[in-house]
Amino acid sequence: MVFDGGRLNAHLSRLHSAQEGFTLLSVDDVHVNRCPAELVANTKEGTMRIFVGRLVQVFIAAIVLSIEVRAQTPVIPPGDGSIENPYQISQLGHLVWLGDTVDSSSGKCYVLQNDLDASVTTGWNGGQGFAPIGTNDSLSFQGFFDGNDKIVTGLVISRPLQDYMGLFGYVGTNGVINSIGLIGGSVAGDRYVGGLVGCNAGRVDNCHFEGTVTGGSSLGHLGTGGLVGWNIHGGLIIGCHAAGSVTGQDGVGGLLGGNNGGAVRGCYASSTVSGEWKVGGFSGMNAGSLGTIDDCHATGTVTGTGSVGGLLGEN
């Protein structure tokens, strides 16, 4: 079972604390040891994994142990980041570690080993959820992330006052995101908000998002898209799709909030899109002298006030 906050009942006789973990000795001899991303309890009935964060508060009241989850915990993945031995991402803690070390991601390779259930992120960081990988153009993801056709379900990011929101907040010019799907999650931010990527200056290839994306509500707060919030000069998006609900103010689209000098090819969106200005079923806007959108289409409902279109809000 996964325990992400609440109460664990045990008949306690002694509590032993240590830097590396703690052990609960009880009638049933329940041993709980801490590793960086989770607590693992081995009981007579089997193994129970309890995902925790950096700050765990333990309260002993009679026979009740309460564990409060407060934050994300990074875990170093196996591998060295080379092409021959890429970092092997197999748990949420590995993604947290990637975000913490994004400044050293240039030239590094990462491979997602399995599907991930990220629903526990709804309670992380005081309700703000997952902290995006890459936060701006000077602290962006610059490596190669191979999603290996795996799926991340239930990822939650709820930071309505922050820019560059998505699993990857900012993908830099050398960054590549390939073959990953996100399903059933929600992402909320202010400007440059996407289900997968907030702002892309690199390459996003064969990826998809199905869920809810919400951007800022103020005029001029640009870039809310189902998959990518903003695609800038040099950014390339190929063979991707998005579905679900996208809501924002300015520059809102089913797949892409706006394409400002980048290139988008062979993509589609089937989303419900709503905004005020520059609202499109596929992209809110296509701007910049080099901006191109080729072989793309969209289905779904689009509502807005000005510059509203089934494919593009403004070109």
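Analyst: The chain holds one helix and 34 strands; helices (H or I, at least four residues) and strands (E, at least two) are DSSP runs, numbered from the N terminus. The model is predicted, so local features need pLDDT of at least 70 and side-chain atom pairs count only at pLDDT 80 or more, while totals for chains, interfaces and linings use all residues. Residues are numbered from 1 along each chain as its sequence is written, and side-chain values use heavy atoms, with hydrogens and water left out.

Strand S15 covers residues 176-188. Two strands pair if DSSP finds at least two bridges between them. S15 runs parallel to strand S12 (residues 144-153), to which seven bridges join it. In that pairing Phe144 stands opposite Val176 of S15. Strand S13 (residues 156-158) also pairs with S15 in the parallel sense, over three bridges, and here Val156 faces Ser186 as its opposite residue in S15.

Leu182 has Phe209 as its bridge partner in S19. In a regular strand the side chains alternate between the two faces of the sheet.

For the chain as background, 52% of its 315 residues count as buried, where buried means under 20% relative accessible area, exposed over 50%, and partly exposed in between (1.4 Å probe, protein chains only). Among contacts (heavy atoms within 4.5 Å) between residues at least 6 apart in sequence, 71% join residues at least 24 apart. The chain exposes about 13,000 Å², and carbon and sulfur atoms supply 50% of this; the areas come from the Shrake-Rupley method with a 1.4 Å probe, and for residues only the protein chains shown count as cover.

Asn286 counts as buried because its relative accessible area is 13%. Leaving aside residues up to four places away in sequence, Asn286 touches Asn259, Gly291, Thr292, Ile293, Leu312, Glu314 and Asn315. With Asn259 there is also a side-chain to side-chain polar contact of 2.8 Å. A polar contact is a pair of N or O atoms within 3.5 Å; within protein, one must be able to donate a hydrogen and the other to accept it, and residues adjacent in sequence count only if both atoms are side-chain atoms.
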